[in-house]
Amino acid sequence: MTDPIQKSVFAHVRTTFLRGIGVLIPLWLTYWFFEALLNAVDGILRPHLEDLIGHKVPGLGFLSMLILILVVGLLTRNLFGRIFLASFENLLRSIPVVRSVYSAIKDLVTAFAMGGDSKTFRQVIMTQYPRKGLYCIGFVTNEMKFRMPDGTMTELLNIYIPNPPNPTSGMLVLVPKEEAIKLDLSIEEGLKLVLSGGIVIPELLSGHTLVTHERTNP
């Protein structure tokens, strides 16, 4: 009689302990992330501003960064500011290596910051990855054709799979077009689904296979 009672008590304690972990670990990770972010941002301008003021002011670098971001945002709202920023972007895009890095980062950040209004993400798709029977959700960034060793051509989708909670880190997978399922979700809805870890979900997830061309010999 005691064994079932002991097992029940142990199961109750174990469940309670796991629930405590489930609450504390996300809180700790959130605190750690924002602490690291604030320290990094605060260290950009703070040393220079403190030299000008003559004494330490906690959070001065972070506050200055917020003001800088707002000023740049205001520049995008008037004609002269847009002309200046466009000229600066054209300068960056004229540098071979910087052009590729800057364009990719800007499109990626814009996609997440502006709710998916970027041309970077074209479609929300679901595909079997990392093995058959398991599905993941990603975003189509481009398409390409691949010449198989036997000479046949196949169409591939460039799929970016973000890693929550940091969407700017992720992986690129190349998926044959006929193996991808296009979901009936907007880019913004897809981002919410992925970045929430599946917490924010649509009432019904539906999709359809993409129209493909038959493989042909070159």
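# Salt bridges and cores, residue by residue

Q: Starting with Lys192: what is its relative accessible area?
A: Lys192 has a relative accessible area of 46%, so it is partly exposed. Bear in mind that this is a predicted model.

Q: What does Lys192 form a salt bridge with?
A: With Glu188. The closest N and O atoms of Lys192 and Glu188 are 3.8 Å apart.

Q: How far apart are Lys192 and Glu188 in the helix?
A: Four residues, in helix α5, so about one helical turn separates them. In general, an α-helix has 3.6 residues a turn, so residues three or four places apart point the same way. Glu188 is partly exposed too, at 39% relative accessible area.

Q: Which residues of α5 are buried?
A: Ile187, Gly190, Leu191, Leu193 and Val194. Helix α5 itself covers residues 187-195.

Q: Why do those count as being on the same side of α5?
A: Because they cover an arc of only 165 degrees around the axis.

Q: And what follows α5?
A: Gly197 follows α5, with a positive phi near 70 degrees.

Q: Switching to the core. Which residues make up the largest nonpolar core?
A: There are 12 residues in all. They are Phe121, Val124, Met126, Ile137, Phe139, Tyr160, Leu183, Leu185, Ile187, Leu191, Leu193 and Val194.

Q: Which elements give two or more residues to this core?
A: β1 (123-128), β2 (135-147) and α5. The most comes from α5, with four residues.

Q: How many salt bridges does a search of the whole structure find?
A: Three. Glu143, Glu155 and Lys177 are linked in a network.

Q: Let's take that network apart. What are the N to O distances?
A: Glu143 and Lys177 meet at 3.5 Å. For Lys177 and Glu155 the value is 3.6 Å.

Q: Which parts does the Glu143 and Lys177 pair tie together?
A: Glu143 lies in strand β2, and Lys177 in the loop between β4 (166-176) and β5 (181-183). So the pair ties together parts 34 residues apart in sequence.

Q: And where does Glu155 lie?
A: In strand β3 (residues 153-163). Its pairing with Lys177 therefore ties together parts that are 22 residues apart in sequence.

Q: Is Lys177 buried or exposed?
A: Lys177 is buried, with a relative accessible area of 12%. Glu155 counts as buried at 16% relative accessibility. Glu143 is partly exposed, at 38%.

Q: Which residues form the nonpolar patch on the surface?
A: Leu63, Leu66, Ile67, Ile69 and Val71. Together they have about 430 Å² of accessible area. Leu66 sits in helix α2 (residues 60-75). At 37% relative accessibility, Leu66 counts as partly exposed.

Q: Zooming out, how many helices and strands are in the chain?
A: Five helices and six strands. Along the sequence the pattern reads α-α-α-α-β-β-β-β-β-α-β.

Q: How much of the chain counts as buried?
A: 24% of its 218 residues. The chain exposes about 15800 Å², and carbon and sulfur atoms supply 66% of that.

Terms used:
Residues are numbered from 1 along each chain as its sequence is written. This is a predicted model: local features need pLDDT of at least 70, side-chain atom pairs count only at pLDDT 80 or more; totals for chains, interfaces and linings use all residues. Side-chain values use heavy atoms; hydrogens and water are left out. Buried means under 20% relative accessible area, exposed over 50%, partly exposed in between (1.4 Å probe, protein chains only). The arc is that of the directions from the helix axis to the C-beta atoms. Patches are made of residues with over 30% relative accessible area and no salt bridge: like charges are joined within 9 Å, nonpolar side chains (Val, Leu, Ile, Met, Phe, Trp, Tyr) within 5 Å. Accessible areas come from the Shrake-Rupley method with a 1.4 Å probe; for residues, only the protein chains shown count as cover. A salt bridge is a side-chain nitrogen of Lys or Arg within 4 Å of a carboxyl oxygen of Asp or Glu. A nonpolar core is a set of buried Ala, Val, Leu, Ile, Met, Phe, Trp, Tyr and Cys residues joined through side-chain atoms within 4.5 Å.
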